[in-house]
Amino acid sequence: MGLALLLSGCIFSPKKGAGGGGIEPPKYLVPESPEFVMLNLKEAYTKKDSTGYKACFDPNYFGTSQDVVLQTPIDTLTFAKEAEHIASLARSAATVELELKPAMVRSTDSGDPAGWALIQNPIQSLGVYDGGNSFIVTPTQEIIEFRFIPKTPDSSSPTDTTWKIVKWNEIRS
């Protein structure tokens, strides 16, 4: 009897066929601007979507994280480490909340290669909750910089340019 119920589904199962229920896959913007990349990052991170998350990063991505308060060594981040991080989140029961500032200011840094873009402190709040464990980023105690590299020409974009995160630095003070 139990096997028959398992195979036939349950009254709580999503509707099958056209217009069926279930979880909709995340929807992403064409990364035609660094701001759109940040919106895609938020969507992928909160949905724990490894494919969408990795698509936000350039394969040569390099990041650093440093806690000045605790005097911890600088942690280095690579594309592979970011991929493992999101895969680990996806395997967990953790919930993720990420809110971006309504107005992200795009600028440049004269120390960066020509064409790169910079967005500083775009995160309004970030929390990862896993049972009794919580990791919360307090924006007033962190400096976070995202640097973006353009790809031109790119016919998939209405602006003929797409962007990816190439560098990410965060310093907790």
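This is a predicted model: local features need pLDDT of at least 70, side-chain atom pairs count only at pLDDT 80 or more; totals for chains, interfaces and linings use all residues.
Me: What is the mean pLDDT of the chain?
Reply: The mean is 85. Of the residues, 87% reach 70 or more. pLDDT is the predictor's confidence in each residue, from 0 to 100.

Me: Where does pLDDT stay under 50?
Reply: Over residues 1–17. For that stretch the model has four contacts beyond four places in sequence. Contact means heavy atoms within 4.5 Å.

Me: OK, sheets. What is the order of the six-strand one?
Reply: The order is E2-E1-E9-E8-E5-E4. The sheet is open, with mixed pairing. Strands (E, at least two residues) and helices (H or I, at least four) are DSSP runs, numbered from the N terminus. Two strands pair if DSSP finds at least two bridges between them.

Me: Which strands stand at its edges?
Reply: E2 and strand E4 (106–107). Each has a single partner strand, so one side of each is left without a neighbour in the sheet.

Me: How many bridges join E8 and E9?
Reply: They pair over 10 bridges, in the antiparallel sense. Arg147 has Lys167 in E9 as its bridge partner.

Me: And how many between E5 and E8?
Reply: Four, again antiparallel. Strand E5 covers residues 117–120. Ile119 stands opposite Phe146 in E8. Gln120 has Glu145 in E8 as its partner.

Me: What about E4 and E5?
Reply: Two bridges join them, and they run antiparallel. Ser107 is paired with Leu118 in E5.

Me: Which helix lies across E1, E2 and E9?
Reply: H4 does. Its angle to E2 is about 85 degrees. Axes are lines fitted to C-alpha atoms, for helices over the stretch in contact, and angles run from 0 to 180 degrees between N-to-C directions.

Me: Now the three-strand sheet. What is its order?
Reply: E3-E6-E7, an open sheet with antiparallel pairing. Strand E3 (95–100) and strand E7 (133–137) are the edge strands, each pairing on one side only. From one strand to the next, the twist averages 5 degrees.

Me: How many bridges do E6 and E7 share?
Reply: Five. Strand E6 spans residues 123–130. Leu126 has Val137 in E7 as its bridge partner. Helix H2 (residues 34–47) packs on this sheet, touching E3 and E6. The direction of H2 makes about 165 degrees with that of E3.

Me: Which residues lie nearest its centre?
Reply: Tyr45, His85, Phe135, Trp168 and Glu170, out of 20 lining residues. Lining residues have an atom within 4 Å of a point. By class, the lining has 13 nonpolar, two polar and five charged residues. Ala, Val, Leu, Ile, Met, Phe, Trp, Tyr, Cys and Pro count as nonpolar, Asp, Glu, Lys and Arg as charged, and the others, Gly among them, as polar.

Me: And the second largest pocket, what volume?
Reply: About 220 Å³. It is lined by 15 residues, with Ser65, Asp67, Glu142, Glu170 and Arg172 nearest its centre. Strand E1 (57–67), E7 and E9 each give two or more residues to that lining. The classes are five nonpolar, five polar and five charged.

Me: Last topic. Where is the cis peptide bond?
Reply: It joins Thr152 and Pro153, with omega about -5 degrees. Pro153 is in the loop between E8 and E9.

Me: What is phi of Gln71?
Reply: Near 55 degrees, a positive value in a residue other than glycine. Gln71 sits in the loop between E1 and E2.

Terms used: Residues are numbered from 1 along each chain as its sequence is written. Side-chain values use heavy atoms; hydrogens and water are left out. On a 1 Å grid over the protein atoms alone, a cavity is a set of points where a 1.4 Å probe fits but cannot get out, and a pocket is an open set with protein on both sides within 12 Å along at least five of seven lines; lining residues have an atom within 4 Å of a point. Grid points are joined across faces, edges and corners, and a volume is the space filled by probe spheres set on the points.
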